[in-house]
Amino acid sequence: MEGIKHRTVSVNGINMHVAEKGEGPIVLFLHGFPELWYTWRHQIVAVAALGYRAVAPDLRGFGDTDAPAEVSSYSCLHVVGDIVALIESLGGGNQVFLVAHDWGAMIGWYLCLFRPDLVKAFVSLTVPFRPRHPTMKPVAAMRAFFGEDYYMCRFQEAGKMEAEIGEYGAEAVIKKILTERSPGPPRLPKEKAFGSDNNAIKLPHWFTEEDLKYYAQKYNEKGFTGGLNYYRALDLNWELTAAWTGAKVRVPVKFMVGDLDMVYNTPGVKEYVHGGGFKDDVPMLDEECVVVENTGHFINQERPHEVNACLHHYFANFL
């Protein structure tokens, strides 16, 4: 695809697939769920043309990267360890520009907390920083606020969601998730979790049949367990990060989100982002949080030109 090169690197005890293009300062892209390096196809080409080296891995458990079986292997320490080792392999541990979306953004926040020395600047798409609550475990808190049908709660039981996905098939599930436009906390009913007639769903202009086939092929090969294990490690992450309770993120950050984004429309998030809490926790947050109108969760695919322009203008401040 347009000169993008692929290779496998050994990091932190696993083999990681990496897509890359260009020469220059490194821009590292971290994808979310249910995505792959491929989510960054528009950004890789754009930033490479601007004189950067774009690097987009399949994260642990996804695509052509190894997928350890144990849930405990998907803790924030393991996944950030992968990224630290990848950065070391790319340029001897020199700082990178970081761009991340969805679960990738959560990993990005952990990286900025644990190893701020490795990040020159961070553009977080869709997911703001989430400070650790000292007394409330995440899964129990989500059940209390959003109920058992909340998607993160439904993902917890090993094997159960995989079986439900299997009833629909990878292509139908990915189509449903990536085309969902309903703002607010996503719920997966215990009956018909992903709807009743996914064949009737029309793909948006920004996501083609070719794109869908690529995702479906990789998930048919790998399965969904690796990606789901990130959610199953949420309480473990809470336990492991007690030492960072109250810690602030001390790297330059830009935040960008769609106005229809499910995370942005979760109760309390807008107030946190715009009411001063976000800035307090992330002191070097850019004052202008970019909210793109009529845009959903998968902003880097839906609005690539706006995202690429944001990256270009923001990173230019650090060259």
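Which residues are buried in helix α4 (residues 138-146)? In this predicted model, the buried residues of α4 are Val-139, Ala-141, Met-142 and Phe-146, where buried means under 20% relative accessible area, exposed means over 50% and partly exposed lies in between, with a 1.4 Å probe and protein chains only. Helices (H or I, at least four residues) and strands (E, at least two) are DSSP runs, numbered from the N terminus.

Residues are numbered from 1 along each chain as its sequence is written. Because the model is predicted, local features need pLDDT of at least 70 and side-chain atom pairs count only at pLDDT 80 or more, while totals for chains, interfaces and linings use all residues, and side-chain values use heavy atoms, with hydrogens and water left out.

An α-helix has 3.6 residues a turn, so residues three or four places apart point the same way. The cover over the buried residues of α4 includes α5 (151-154) and α10 (234-240), with contact meaning heavy atoms within 4.5 Å. Just after α4, Gly-147 takes a positive phi of about 90°.

Helix α1 (residues 41-49) is mostly covered, since 7 of its 9 residues are buried, and these are Arg-41, Gln-43, Ile-44, Val-45, Ala-46, Val-47 and Ala-48. Among the elements against which the buried residues of α1 pack are the strands β2 (14-21), β3 (26-30) and β4, together with the helices α8 (209-222) and α14 (304-315). Just after α1, Gly-51 has a positive phi of about 100°.

## Helix α2 and its neighbours

The axes of α2 and helix α3 (residues 103-114) come within 10 Å and cross at roughly 75°, the axes being lines fitted to C-alpha atoms, for helices over the stretch in contact, with angles running from 0 to 180 degrees between N-to-C directions. The two helices α2 and α3 are therefore roughly perpendicular to each other, a term that covers 65 to 115 degrees, whereas angles under 35 degrees count as roughly parallel, those over 145 as roughly antiparallel and the rest as oblique. On the side of α2 the contact is made by Cys-76, Leu-77, Val-79, Val-80, Ile-83, Val-84 and Ile-87, and on the side of α3 by Ile-107, Tyr-110, Leu-111 and Phe-114. These residues divide into 11 nonpolar, no polar and no charged, where Ala, Val, Leu, Ile, Met, Phe, Trp, Tyr, Cys and Pro count as nonpolar, Asp, Glu, Lys and Arg as charged, and the others, Gly among them, as polar.

Ile-83 has its place in helix α2 (residues 76-91) and is buried, with a relative accessible area of 1%. Not counting residues up to four places away in sequence, Ile-83 touches Leu-28, Leu-30, Leu-59, Ile-107 and Leu-111.

## Salt bridges

Side chains of opposite charge can pair when their charged atoms come close. A salt bridge is a side-chain nitrogen of Lys or Arg within 4 Å of a carboxyl oxygen of Asp or Glu, and by this rule the count comes to 20 salt bridges.

| Salt bridge | Distance, N to O |
|---|---|
| Asp-82 and Arg-60 | 2.7 Å |
| Lys-176 and Glu-180 | 3.5 Å |
| Lys-254 and Asp-286 | 3.1 Å |

Lys-254 in strand β7 (residues 253-258) and Asp-286 in the loop between α12 (277-281) and β8 (290-292) are 32 residues apart, and the pair links distant parts of the chain. Lys-254 counts as buried at 8% relative accessibility, whereas Asp-286 counts as partly exposed at 25%. Asp-82 is buried at 1% relative accessibility, and Arg-60 is buried at 3%. In the remaining pair of the table, Lys-176 is partly exposed at 25%, and Glu-180 is partly exposed with a relative accessible area of 34%. Arg-7, Glu-20 and Arg-53 are linked in a network of salt bridges.

## Backbone features in loops

The peptide bond from Phe-33 to Pro-34 is cis, with omega near -5°, and Pro-34 has its place in the loop between β3 and α1. Thr-126 has a positive phi of about 80° although it is not a glycine; Thr-126 lies in the loop between β6 (119-125) and α4 and is buried, with a relative accessible area of 0%.
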